[in-house]
2 protein chains.
Amino acid sequence: MEIVCIGNELLIGKIANTNAQWMSRRATHLGITVRRTTVVPDEIEEISAAIGEALQRKAQFIITTGGLGPTFDDKTLQGLSKALNRKLVVDEEALKMVKEKYEAYLHKGKAEKGDLTPPRIKMATIPEGTKPVPNPAGTAPAVLAETETTVIVSLPGVPREMEAIFDETVVPMLKRASSNVSFYEKIIYADKIMESNIAPIIDQVMQDNPSIYIKSHPRGIENRPHLELHLSLKASNGDKPEERLEKAASQLARLTVRQGGEVVTEVSPAD
Amino acid sequence: MEIVCIGNELLIGKIANTNAQWMSRRATHLGITVRRTTVVPDEIEEISAAIGEALQRKAQFIITTGGLGPTFDDKTLQGLSKALNRKLVVDEEALKMVKEKYEAYLHKGKAEKGDLTPPRIKMATIPEGTKPVPNPAGTAPAVLAETETTVIVSLPGVPREMEAIFDETVVPMLKRASSNVSFYEKIIYADKIMESNIAPIIDQVMQDNPSIYIKSHPRGIENRPHLELHLSLKASNGDKPEERLEKAASQLARLTVRQGGEVVTEVSPAD
């Protein structure tokens, strides 16, 4: 899976890319590996290039966020259209979704009219042969496109809307694709040992536990080291993932203590 | 400028990409446009591909973060070496920087020896023809590489170290490149008007103020709309950027109120 995030607000550092983190976490825990995240500005060429490159890499899933709204800077569907080489058309089903939203808003007593103005029709103008996906938390429909190798889902950038559509529409697809594999992890902390001195220990534990990936994250300073050691594996439930993690973590802790480190084991990693 | 962030922890959603946000904000305020951020895993091929693609796009600056440490998963310099097609060599200057750090640690009474073990020598093993850059906040030196079109700086992933080297080494280069241009911005909030109804107003204000970019960020729900309207421009001080922003913001506010919206102007945007 690859993630493509669209929005100048990310590239000017106005906000952190919490959407990418949220989707990465969700996908990872479903056993899907996120291979790359790309952030591009609100420009048709750049959006099209980023999607096109992920298509060339034959990503199984490409999830885009941002750029589906009614304003001029919402250009994701134009970029997607270009990447897929399919023209943009007003989709009747999408138009119905948008219209129903505005009618519902109107019925709740808002002053705005339910008319399908050009900015509203824009949200229903999607690449030919793609499908609109209902947005349970907002107005702009998401869009689902399929190629021979890849499923592309374009989600809104508003986190609440992105999350709702992701859980409703993307998660079931990821579950089918991950075929029962999940992601398991465990964290232990090591004090009073430098990262350069724990490096050979990590090498040894990974050699003895080939299914386990171990990454050290320095949380102190090298001079007063506090290391977070993150162990993870992707496995199906029948492969006894917790036992494997436990075995590797015990060895890692034992060898670290033998080198003069102090170890604290966390019961379950913070989510 | 392009940013390449290296680290599985980003792609499993363990952490948000605050390094990219921090660097983007810093660069933007210095008048530099960040064109793309790419996040790749701790794999030589992927790191090399991401750097190579940014080189092909002739980015003036490529800043990488992460993957400079002593453990096996720190592979950025191997990826950089491959992207530049230059072999890795133990750099004497880098080795001196690393050695001095460990000697200083030792002198402060730590139990670890100041020996140059293989994991420590690894941090001084950099692509031929590149330069090590002192790390005032940690052990691993940063690395500066230049090609005909591009300056590449590889920074550590630990935020405190990344920030220290960025400010000390990258900021002066960005300042020279931006030739006195800065980024200016202003935020106003609009209530009681839907984003689809403010879209044509934004179009008009941008047409009347061609140097200003306006982006709307929905902060409420379409049914009870609360919109953040972000105005920005890149200009030199002599171009009266504040006046231009003020003029566009006033027009935007006036037209929004005329359409039944309520407007709150923020004195200065949150940083």
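In what order do the four strands of the open sheet in chain A stand? The order is E10-E11-E9-E12, and the pairing is antiparallel. I will come back to that sheet in a moment. Please keep in mind throughout that this is a predicted model.

Let me start with chain A as a whole. Chain A has 271 residues, and 49% of them are buried. It holds nine helices and 12 strands. Along the principal axes, its C-alpha atoms fill a box of roughly 70 × 35 × 35 Å. If you take the contacts in chain A with a separation of 6 or more, 68% of them are between residues 24 or more positions apart.

Strand E9 of chain A, residues 181-191, is joined to E12(A) by four bridges, and the two run antiparallel. One place to look is A:Asp191, whose bridge partner in E12(A) is A:Glu262. Helix H9 of chain A, residues 241-258, packs on this sheet. H9 touches E9, E10, E11 and E12 of chain A, and its direction makes about 15 degrees with that of E9(A).

Over to chain B. Here too there is an open sheet of four strands, in the order E10-E11-E9-E12, with antiparallel pairing. Its edge strands are E10 and E12 of chain B. Between neighbouring strands of this sheet the average turn is 25 degrees, direction ignored. In chain B, strand E9 (residues 181-191) and strand E11 (residues 226-236) run antiparallel and are joined by 11 bridges. Within that pairing, B:Ala190 stands opposite B:Leu227 in E11(B).

Two helices lie across strands of the chain B sheet. H9(B), residues 241-258, lies across E9, E10, E11 and E12 of chain B, at about 15 degrees to E9(B). H8(B) lies across E9, E10 and E11 of chain B, and runs at about 170 degrees to E10(B).

Let me stay with H8 for one residue. B:Asp203 is found in this helix, which covers residues 195-208 of chain B. Is B:Asp203 buried, exposed or partly exposed? B:Asp203 counts as partly exposed, because it has 15 C-beta neighbours inside 10 Å, and a buried residue would need 20 or more. B:Asp203 and B:Glu168 are 35 residues apart in sequence, and their C-alpha atoms are 41 Å apart in space.

Next, how the chains meet.

Strand E2 is worth a look. E2 of chain A, residues 36-40, is joined to E2(B) by three bridges, and the two strands run antiparallel. A:Val39 stands opposite B:Thr37 in E2(B).

What about symmetry? Chain B is superposed on chain A by a rotation of 180 degrees with 0.0 Å of shift along its axis, at an RMSD of 0.0 Å. The two copies are therefore related as by a two-fold rotation axis. The same surface serves both copies, since 100% of the contact residues of chain B recur in chain A. Of the residues of chain B, B:Thr38 comes closest to the rotation axis, with its C-alpha at 2.3 Å.

Last, the cores. In soluble globular proteins, nonpolar side chains tend to be buried together. The largest nonpolar core here has 100 residues. Which of its members touch the most others? They are A:Val4, A:Ile51, A:Ile63, B:Val4, B:Ile51 and B:Ile63. A second, separate core has 21 residues, among them A:Ile198, A:Ala199, A:Ile201 and A:Ala253.

Terms used:
Residues numbered from 1 in each chain as written. Chains lettered and ligands numbered in written order. Predicted model: local features only at pLDDT ≥ 70, side-chain atom pairs only at ≥ 80, totals over all residues. Buried ≥ 20, exposed ≤ 12 C-beta atoms within 10 Å, placed from the backbone. Pairing = 2+ DSSP bridges. Least-squares fit on C-alpha atoms with pLDDT ≥ 70 in both. Contact = placed C-beta atoms within 7 Å. Core = buried A, V, L, I, M, F, W, Y, C linked by C-beta atoms within 7 Å. Axes fitted to C-alpha atoms, helices over the stretch in contact; angles between N-to-C directions.
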